[in-house]
Structures are given as structure tokens and as C-alpha cells.
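Dear colleague,

I am passing a structure on to you, and below it you will find notes on what turned up when I went through it. Please read them with the structure open beside you.

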Amino acid sequence: MAGLNDDAQWIVLMGFVVSFSLFFIAIVLNQSTVIGQTTAEAVLEFPKNDIRDVRDVIIRSEFLDDDGIFFNKSNVQKDIRTLSLSRQNSVVNISSTPPTAENPYTTVDIHYNNGVTIYNEIWRSK
Amino acid sequence: MVNTEGQLYTIEGIAAGLIMLMTAYIVVNSTSVYTLGDTHISDMQLEVLGSDALNLMNTAPNSTLGRSPLQTIVETDDAETFRSMFLTLVNNRAGSDRDHIQFVANVTYVDVGGSVRSTVLSDSLRPFVSGEHAVRVSDWVIVEKRFPDCSAQSCSGKHAVLVEVLLWRD
């Protein structure tokens with residue numbers, strides 16, 4: 001170490017440490033503004049309420065009468081399919097099995113697909 | 001032959017280089033200034049609030065099979081009841097002051113010809129000029145009415161309509 005002045009090494013070292021830690025703190029501060037962004041976007045992206053609402057209305061529609069001059073059940077389910085496609089960007093498919101003598105339960109097959117999220121359920125009345 | 005002179009200068013040079021690189025990184029990074037609105041957190045809260053309010057209005061009293069308030073409102077086209085009920089629900093806050101959420105509500109239906117149409121159900125008396133940062137919530141209602149209004153018996157019966165609400169904080 002000929003010719004090298006090794007005085008004040010601690011001061012120089014501390015200078016480095018302080019300046020680098022300032023940068024790390026700046027980066028942490030920079031990131032703190034985006035806290036929760038991914039969570040919020042994921043919640044907005046996932047159609048939880050759409051699925052819940054459409055499932056609810058499909059099950060309610062299943063117990064409407066389907067005779068006379070109005071064909072309530074068919075009309076309501078047709079409306080659900082059309083409106084889902086045009087306003088919720090989702091394909092909804094419904095098929096159901098009415099209760100029989102051997103199987104006293106109503107079974108509803110619900111399919112929901114909006115291109116990103118797919119939801120399938122076989123619902124059975126208890 | 002390796003010369004050991006000038007070590008401190010070399011270290012200082014490397015450190016200065018690193019500091020400059022980091023400065024450049026931070027400067028380039030900060031051209032996109034993030035505000036709370038960009039992170040969609042308030043959107044998420046508004047959407048959850050709005051869909052909860054709609055769900056609440058679409059629930060019959062005591063969870064019976066009767067009519068929900070929303071069903072009655074849509075069938076009778078009662079803009080005033082929808083306005084007061086919805087604003088009471090979404091603007092409720094702890095304490096005495098109220099929140100300032102505004103809304104526009106539409107009913108979307110399938111008409112006799114099979115095409116999808118919308119009609120305004122209610123609004124908060126504040127015009128929607130498309131500059132607002134609005135979120136959309138919706139709920140299904142089964143109504144005993146054929147939209148648009150028609151009195152002939154063959155065009156009644158039950159139909160599903162979608163109540164869509166745009167809401168924003170003003």
C-alpha cells in the first residue's frame with residue numbers, strides 16, 4: 001500500500017453506507033404508492049358479483065311456471081342468456097332436470113364463461 | 001505487475017458510478033407519477049359498495065319470497081324511490097356527515113323484437129358528463145312487466161332485466 005493515505009477510512013466507508021441506504025429508502029418510498037394495486041386490480045378483474053348474481057337469478061328462474069300464454073321460465077332464461085352476452089360479456093348456459101319420481105330434486109346445470117373466468121356448477125335443490 | 005496505488009480512488013469511482021446509475025433509475029421511474037386513483041383501490045371499494053347496495057335493495061324484506069324493493073321500483077319505474085334508497089345506502093358514513101357518491105341507473109331489457117335496449121331508471125340529479133371516474137355495478141331482477149311499456153296481455157309475463165348503475169364519487 002505504498003503511497004496510499006489510509007487516514008479517515010471510516011468516514012469514507014460511512015459516507016458510502018449512508019448514501020446507498022438513502023437510495024434504498026428512496027426505492028422503498030417509490031414502491032409504497034402502488035401498495036394494494038395488484039390486489040385491487042385482481043378484485044376488479046374477477047367477476048365475483050356477476051357470477052353470484054347470475055347464479056342467483058338462474059336458480060330463482062328455475063322455479064317459475066312455464067305454461068299458459070307467458071312461458072315465464074323460458075322467457076326469463078332466454079333474457080338472462082341474451083343480456084349476459086350483450087351487457088356482461090359472458091356466455092351463460094342453463095340446462096335443468098325437473099324432479100322425477102325416483103329423484104325428487106331439481107338439478108340445474110350452470111355454465112358461465114367470460115373468456116377469462118369460467119364457472120361451472122351443478123346445483124341441486126336440497 | 002499489479003500496482004496497489006489508488007485503491008481508494010477506484011472504490012470511490014465505482015461507488016459514484018453506482019450512485020449515478022441509481023439516480024438515473026429513480027428519475028426514469030418517476031416519470032409515471034402514481035396517484036391513489038391509478039391504483040384502482042378506490043374503484044374497488046366503490047364497486048363493492050355499489051354492488052352491496054344493489055343486492056340489499058334486491059332482497060325481499062325478511063328474505064321472504066315476496067317482492068324486493070328493487071323489483072317494485074323497476075316495475076313502477078319509480079325514479080324517486082330508487083334515488084332516495086340508493087343514496088341513503090351508499091352515502092352512509094359513520095358520524096354525521098355524508099359521502100358524496102353520485103349515480104346514473106339504467107334498466108337493460110330485451111324488447112319484443114329480441115333486441116337489447118336500455119332506459120334510464122333514475123339518477124342523482126347530477127349530469128353524467130363522462131369526465132367522472134365511474135365504476136359499473138349491476139344486478140338481475142325478474143319483473144312482471146314487458147319493457148318498454150305495453151299494456152296488451154300477450155306482452156306481459158315475467159322477464160329478466162339487468163339494472164346497471166354507474167357510480168362515482170363527486
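In this predicted model, 42 residues of chain A are in contact with 46 residues of chain B, contact meaning heavy atoms within 4.5 Å. Residues are numbered from 1 along each chain as its sequence is written, and chains are lettered from A and ligands numbered from 1 in the order in which they are written. Local features need pLDDT of at least 70 and side-chain atom pairs count only at pLDDT 80 or more, whereas totals for chains, interfaces and linings use all residues, and side-chain values use heavy atoms, with hydrogens and water left out.

The two chains, A and B, bury about 3900 Å² between them, 66% of it on carbon and sulfur atoms; buried area here is the accessible area (1.4 Å probe) that two parts lose on being put together, summed over both. Of the area that chain A buries against chain B, F23(A), L44(A) and L83(A) supply 15%, more than any other three residues.

Across this interface the rule finds one salt bridge, that is, a side-chain nitrogen of Lys or Arg within 4 Å of a carboxyl oxygen of Asp or Glu. The partners are R87(A) and E164(B), whose closest N and O atoms are 3.1 Å apart.

On the side of chain A that touches chain B, at least two residues come from each of α1 (9-32), α2 (37-45), α3 (48-62) and α4 (72-87), where helices (H or I, at least four residues) and strands (E, at least two) are DSSP runs, numbered from the N terminus. The largest share of that side, 10 residues, comes from α4(A).

Two backbone angles deserve a look, since most residues other than glycine have a negative phi. D77(B), in the loop between α3 (69-76) and α4 (79-90) of chain B, has a positive phi of about 55° although it is not a glycine, and D77(B) is partly exposed, at a relative accessible area of 45%. L125(B), in the loop between β2 (116-123) and β3 (135-143) of chain B, has a phi near 65° and counts as exposed at 67% relative accessibility.

With best wishes

Definitions and conventions:
Buried means under 20% relative accessible area, exposed over 50%, partly exposed in between (1.4 Å probe, protein chains only).
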